[in-house]
Amino acid sequence: MTMVMLSVFQHIITAPIAIIVPQIRSIETSTFFVCILVLRNLPAHVKIVEVGPRDGLQNEKEIVPTSTKVQLIKMLVSSGLTVVEATSFVSPKWVPQLADAKDVMDAIQNIQGARFPVLTPNLKGFEAAVSAGAKEVAIFASASESFSKSNINCSIEDSLARFRDVVSAAREISLPVRGYVSCVVGCPVEGIVPPSKVAYVAKQLFDMGCSEISLGDTIGVGTPGTVIPMLENVMNFVPIDNLAVHFHDTYGQALSNILTSLQMGISIVDSSVSGLGGCPYAKGGSGNVATEDVVYMLNGLGIETNVDLEKLLLAGDFICKHLRRPPSSKTAVALSSKKANSKL
Amino acid sequence: MIAARQLDKISRLMGSRATPSAFLKAFNKESLLWTESLNPKVRLLGNDDGDAVRFSTYHYSSNCNHSPTNKVLRNLPAHVKIVEVGPRDGLQNEKEIVPTSTKVQLIKMLVSSGLTVVEATSFVSPKWVPQLADGKDVMDAIRNIQGARFPVLTPNLKGFEAAVSAGANEVAIFASASESFSMSNINCSIEDSLARFRDVVSAAREISLPVRGYVSCVVGCPVEGIVPPSKVAYVAKQLFDMGCSEISLGDTIGVGTPGTVIPMLENVMNVVPIDNLAVHFHDTYGQALSNILTSLQMGISTVDSSVSGLGGCPYAKGASGNVATEDVVYMLNGLGIETNVDLEKLLLAGDFICKHLRRPPSSKTAVALSMDRRVEEYILDLS
């Protein structure tokens, strides 16, 4: 059936198709029509939300100096990333790595060309963030009751009530708020998370005033089979332009989940430079998807990201050298090896 | 919904450190998630008493409600055949010679996990591939294994004859879509290699032996860069027309993305029936699974992979190569696509060979699912 459809399309003049799929530039004209079938609905532009400095570094045992964090942020911005999650105003008791949040914010105060959302778990954290110069904050709720209790020690409803305070306060000073939903396709305790639950939490966050909802596959168990019903449900309540996907690569599924999400019309993707940020629930397991791998795929799809992969590689290389670890990014490993070989 | 006795055990082990978050980290085999990821066909729903109600398989297509977004998974095949290349493509670049008995044990474990096609070895000159010099011994040892086919690589007529004497029931040949790669890899032009393979295929057809044809560099070449889809289609057609029953399209250096994979597949599908096509993606840039998903959406239903991602990339030192079978199976399970593969048994096979090679698996699924051992280690670390 597919072959018949393809041969029919083959005879359509390619010029109008070139207009319909302007984002596919790197592919021979005669095959543009093919892309319509499988790559229909792909956004022309994807915004990458870089979470390396916060989500990536927060679980590092060894404290990274403030200056290193700031340098990383600067290099990420210079690669073209326009949204970089800079730090977190949670209690240093829980996340000692980010105890220097205020200092980081001071140092990045004057960086142009990017926004720096910061995590704020409650009103107190929000106030500290605002004093430190934050212009955008992020809150996080869970779609799983058990995870909410074990991770932040309160029920979903209680956490939402807490966040309503933060969002109200933010709206009073016209500060945008990003809402994270965790465990959107699976929970380490409960297992399956019903899509309707995810939609409920996403809707609550959106209705209370969050400008963007990031849907997180916290333990990386999702596949298109679970991602699609979840997205479908959420898209019933939150406009697609306000949705982002935050996949973990613990099972190596992140890129195919991202591709699926793009096919569903999602155009905002969270990722972490060099895949910083392991999975705290599977020792040695990987966590965040690597920005380099995402950019590589998006480049191949002809989707604009504004990111210069070369400069991104430099940023990744910088932080990995500091952490004395190889990158958790296959693209970074492949391209640095290629460079090394060409120097021989 | 972790059983109460597990809670007790973990709490005792953790002592005063048994905080909710630490407990959460002691995620173990009893949890729903473990069951879900290893056996997604069985859904467990539990109440607080720990009783479980099992539901039948969730197939995405059976919940299809004609909403526009279902188009994303509309053309997926119901069944995918996985061609396991670990014992050949995976092991061939290992420096340290793996004993024949270990290779044979690996093959047996792979077959017992449900894989029905396992590329067993290669009859290339031992001078080039010393790792597989024991081709004949491996074939002897697997002679009586039921339930699977064991294609072997044969670069020429001599190799073919050796393979047949050793009892091979199926062979594989490989041509390149890139002239430069053909010259540098097997020291002859594409046309000359095709002529050589015609001899092999003729000989194979005389004794009704099926032949699988590989095409390498289908989206990129380490020397030439871009490879035109028309060239790939040309080579694929040649192999198919000469008598190959299956053509495996290989992204040798792993540079493909859906943007290059689709035009390539479309071109090839014009000249080779889709049921005779397989995809062989390398994960060097982390792109393999999304390329596989794309291929499935195009109707491809045969996928090559290698247990635990065995087989690095010979062109990028330290970089990964073959896509890991565990990761592929995980995705296919999640898509509700039948593979006949038992992921748990596959994990055992991967664990076996990785222990021998003294390396962790190059499979994120394998790493994530080897939690049982890790939970114990974690708990020990805490105490």
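**Close-up views of a predicted two-chain model**

**View 1. A negative surface patch on chain B.** Glu179(B), Glu191(B), Asp192(B) and Glu224(B) together form a negative surface patch (residues with over 30% relative accessible area and no salt bridge, like charges being joined within 9 Å; a salt bridge is a side-chain nitrogen of Lys or Arg within 4 Å of a carboxyl oxygen of Asp or Glu). Asp and Glu count as negative, and the charge is placed at CG of Asp or CD of Glu. Glu179(B) belongs to helix α8 (residues 179-186) of chain B (helices are DSSP runs, H or I, of at least four residues, and strands, E, of at least two). With a relative accessible area of 31%, Glu179(B) is partly exposed (buried means under 20%, exposed over 50%, partly exposed in between; 1.4 Å probe, protein chains only).

The model is predicted: local features need pLDDT of at least 70, and side-chain atom pairs count only at pLDDT 80 or more, whereas totals for chains, interfaces and linings use all residues. Residues are numbered from 1 along each chain, chains are lettered from A, and side-chain values use heavy atoms.

**View 2. Strand β1 of chain A and its partners.** In β1(A) (residues 47-50), Lys47(A) and Val49(A) on one side and Ile48(A) and Glu50(A) on the other are all buried. Parallel to β1(A) runs strand β9 (residues 268-271) of chain A, joined by four bridges, with Ser271(A) opposite Glu50(A). β1(A) also pairs in the parallel sense with strand β2 (residues 83-84) of chain A over two bridges (pairing requires at least two DSSP bridges); there, Val83(A) is the bridge partner of Val49(A).

**View 3. The enclosed strand β7 of chain B.** Six of the six residues of β7(B) (residues 171-176) are buried, so the strand is largely enclosed by the rest of the structure. Strand β6 (residues 152-153) of chain B pairs with β7(B) in the parallel sense, Val152(B) having Val171(B) as its bridge partner.

How values were computed
Patch = residues over 30% accessible without salt bridge, like charges linked within 9 Å, V, L, I, M, F, W, Y side chains within 5 Å. Areas by Shrake-Rupley, 256 points an atom, 1.4 Å probe, with all protein chains shown as cover.
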